[in-house]
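The following note sets out numbered remarks for a colleague who has the sequence and the structure at hand. Each point takes up one part of the fold.

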Amino acid sequence: MNKQTSFSLEIKDLIRKKNGSIKVLLADGDLVWQQRLAMLIKSESDIDLSNIVSTKEEAIQASVQLDVDVMILDMILNSPKRDGLDVLAEILRNKALPIIVLSSIHDPEVMVDAVVAGAVNYITKTNYLDIPVAIREAYRRQSSLHADVAAIIRNEIGLIKRKELQCMLTPTEKEILQLIGLGYRQTIIRELLGITSNTLKSHVRHITRKFDTRSIREAAEKAKRRGLYDQHYAT
């Protein structure tokens with residue numbers, strides 16, 4: 001009996017029904033990781049590993065045919081092209097199934113893509129012992145992003161917000177916000193930018209409306225918190 005067959009038999013022995021437990025589908029093309037995760041889940045009295053699949057096609061088919069509560073999905077199944085993202089998108093087009101990504105990929109772009117595509121969590125394989133907790137949270141629809149990905153997602157959201165605001169503001173409005181934030185009076189700002197009092201007032205109205213604030217200084221503080229301008233100004 002070769003090593004691969006031995007692993008397969010051991011995994012089948014580990015897949016056993018537990019009445020009233022959370023039913024989990026595992027999609028991972030690595031036999032070593034299949035066994036490792038099967039053993040981990042076996043030790044949890046309230047979680048049942050219903051099935052294990054290895055390929056993109058098997059994962060999609062099993063998600064449709066099996067009555068499972070949560071899916072654990074690797075980003076790489078039967079190709080080096082991160083086909084897990086395709087599986088994720090395809091399954092969620094047809095079924096509202098909580099999917100936890102468990103992968104050895106630490107690329108922030110892949111993590112963001114997985115969460116945007118609908119994954120309820122993303123955990124790197126170095127932290128696979130956190131999977132049981134993630135499964136329970138996903139089952140209860142109370143998933144909190146794992147530390148592996150939470151900071152990256154927060155940074156990405158901040159970046160998107162900054163880009164949106166940058167697109168909203170004209171170059172002159174950005175300069176006015178920065179100068180106000182640095183403590184310049186409006187009379188000095190008019191001189192620095194070479195604009196009239198009425199033009200400055202018009203810019204101020206536009207800025208406060210875009211930031212939904214009562215004053216230009218409040219808007220400048222909000223812009224500062226969101227990283228929209230540098231702390232140093234050069235004329």
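**Note on the predicted model**

1. *Helix H8 against helix H10.* The axes of helix H8 (residues 171-181) and helix H10 (residues 197-211) come within 10 Å of each other and cross at roughly 85°. H8 is therefore roughly perpendicular to H10, a term for angles of 65 to 115 degrees, with under 35 counted as roughly parallel, over 145 as roughly antiparallel and the rest as oblique. H8 contributes Thr172, Glu173, Ile176 and Leu177 to the contact, and H10 contributes Leu200, His203, His206, Ile207, Lys210 and Phe211. By class, the residues of this contact of H8 with H10 are five nonpolar, three polar and two charged. Contact here means heavy atoms within 4.5 Å. Axes are lines fitted to C-alpha atoms, for helices over the stretch in contact, and angles run from 0 to 180 degrees between N-to-C directions.

2. *Basis of the values.* The model is predicted, so local features need pLDDT of at least 70 and side-chain atom pairs count only at pLDDT 80 or more, while totals for chains, interfaces and linings use all residues. Residues are numbered from 1 along each chain as its sequence is written, and side-chain values use heavy atoms, with hydrogens and water left out.

3. *Helix H8 against helix H11.* The axes of H8 and helix H11 (residues 216-225) come within 9 Å and cross at roughly 95°. This makes H8 roughly perpendicular to H11. The contact involves Leu177, Ile180 and Gly181 of H8, together with Ile216, Arg217, Ala219, Ala220 and Ala223 of H11. Six nonpolar residues, one polar and one charged make up the contact of H8 with H11. For these classes, Ala, Val, Leu, Ile, Met, Phe, Trp, Tyr, Cys and Pro count as nonpolar, Asp, Glu, Lys and Arg as charged, and the others, Gly among them, as polar.

4. *Burial and the end of H8.* Glu173, Ile176, Leu177, Gln178, Leu179 and Ile180 are the buried residues of H8. Buried means under 20% relative accessible area, exposed over 50% and partly exposed in between, with a 1.4 Å probe and protein chains only. Gly183 follows H8 and has a positive phi, near 95°.

5. *The sheet.* Five strands form an open sheet in the order E2-E1-E3-E4-E5, with parallel pairing. E2 and strand E5 (121-124) lie at the edges with a single partner strand each, so one side of each has no neighbour in the sheet. From one strand to the next, the twist averages 25°. Two strands pair if DSSP finds at least two bridges between them.

6. E1 pairs with strand E2 (residues 47-53) in the parallel sense over six bridges, and Asn51 in E2 is the bridge partner of Leu25. E1 also runs parallel to E3, joined by four bridges; there, Ala27 has Leu73 of E3 as its bridge partner. H4 packs on the sheet, touching E3 and strand E4 (99-103), and its direction makes about 160° with that of E3.

7. *Asp74.* Which feature does UniProt place at Asp74? The unreviewed UniProt entry gives "modified residue: 4-aspartylphosphate" at Asp74; such annotations may be inferred rather than shown by experiment. Asp74 lies in the loop between strand E3 (70-73) and helix H4 (84-94), and is buried, with a relative accessible area of 7%. Apart from neighbours within four places in sequence, Asp74 contacts Ala27, Asp28, Gly84, Leu102, Ser103, Ser104 and Lys125.

8. Arg141 is exposed, at 55% relative accessible area. Asp212 has a positive phi near 55° and is found in the loop between H10 and H11. Asp212 is exposed as well, at 67% relative accessible area.

9. *Overall.* The protein has eleven helices and five strands, taken as DSSP runs of at least four residues for helices (H or I) and at least two for strands (E), numbered from the N terminus. Of its 235 residues, 41% count as buried. Among contacts between residues at least 6 apart in sequence, 64% join residues at least 24 apart.
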